[in-house]
Amino acid sequence: MNITNDYDAIVIGGSYAGLSAALQLARARRKVLVVDAGQRRNRFASDSHGFLTRDGQPAADIAREGRANVAAYPNVAWHDGLAQGARPDAGGFIVDLDGADSVRGQRLVLATGVRDELPPIEGLAERWGKSVFHCPYCHGYELDEGRIGVLARGPLSVHQAQMLPHWGQVTLFTNGVCPLDEAQRADLQARGVQVDETPVARLAGDATVVLADGRREAMAGLFTFGRLHMASPIAAQLGCAFDEGPLGPYIRTDEGRQTTVPGVFAGCDAMRAASSVALAVADGAMAGVGAHRSLLFGLAPQH
């Protein structure tokens with residue numbers, strides 16, 4: 001095994017959180033490597049919303065300009081590919097890269113993100129990020145108070161349906177996976193949410209729900225959610241602790257975004273139950289600052 005370079009910090013993941021972390025470290029004049037396989041979670045959506053100064057702009061453009069901002073610092077290097085594994089080494093960590101020699105870093109920042117396991121409804125996957133969404137704060141306003149469908153995935157879909165009436169006229173399609181008690185039915189009715197318990201056969205058109213009885217309900221947009229999985233095994237390889245969120249596990253961190261493994265920081269969708277571009281940028285910045293402060297003052301004690 002060849003180890004060709006030593007870095008103050010290695011940032012694994014080059015989307016919004018990783019770039020934000022790398023920017024803080026670069027401006028602290030640390031030697032930084034960003035490892036980026038180019039798989040943004042929001043790559044299926046054309047535009048990004050809710051991020052101050054960039055509201056409504058193409059998501060890919062924000063990521064591209066973010067990379068250009070970070071790449072302008074001469075102390076930042078890039079590996080366009082995967083981090084295949086990571087392990088502790090004296091005074092830091094070794095990261096194995098695909099198609100390149102392994103590298104060593106005193107600190108790691110995990111910005112590896114998550115993968116969405118979507119509901120198994122015919123026609124949903126190809127509409128994900130286009131007319132089927134998970135975050136009303138990111139995509140609800142653009143539906144112009146039209147008809148909105150909630151494709152149930154489980155009990156949490158009731159909460160999603162309760163939120164959405166501020167964005168449009170809501171129908172909850174329970175699809176056999178979201179039984180309702182009387183209190184839930186009364187609450188949904190009070191909020192103006194219609195309930196349709198006919199099984200969903202498939203999606204058609206832009207956002208039309210085709211039901212098992214042949215009815216077709218045309219919607220302005222649809223909301224659902226997927227089970228979340230870590231997009232990379234590295235946090236688990238390193239022994240980071242996880243907490244269980246409503247949609248899946250996420251990496252446990254302290255206020256400085258340090259994980260339960262000293263010297264490993266995390267800032268991305270993989271370390272919080274909620275997600276957006278704005279939150280990813282904020283968490284990435286915190287992780288980058290946390291990593292730098294630990295280089296200055298030593299590692300914080302673990303709890």
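Which helix lies across S11, strand S12 and S17? Helix H4 (residues 156–163) does, running at about 170 degrees to S11, where axes are lines fitted to C-alpha atoms, for helices over the stretch in contact, and angles run from 0 to 180 degrees between N-to-C directions; contact means heavy atoms within 4.5 Å. Helices (H or I, at least four residues) and strands (E, at least two) are DSSP runs numbered from the N terminus.

This is a predicted model, in which local features need pLDDT of at least 70 and side-chain atom pairs count only at pLDDT 80 or more, while totals for chains, interfaces and linings use all residues. Residues are numbered from 1 along each chain as its sequence is written, and side-chain values use heavy atoms, with hydrogens and water left out.

The open sheet contains 5 strands in the order S10-S17-S11-S12-S13, with parallel pairing, two strands being paired if DSSP finds at least two bridges between them. Because S10 and S13 stand at the edges, each with a single partner strand, one side of each is left without a neighbour in the sheet. S11 and S17 pair over 3 bridges, and Ile 148 stands opposite Gly 221 in S17.

| Strand | Residues |
|---|---|
| S10 | 132–133 |
| S11 | 147–151 |
| S12 | 169–173 |
| S13 | 194–196 |
| S17 | 221–223 |

Across the chain, the secondary structure comes to 7 helices and 21 strands, and the C-alpha atoms fill a box of roughly 65 × 35 × 35 Å, taken along the principal axes.
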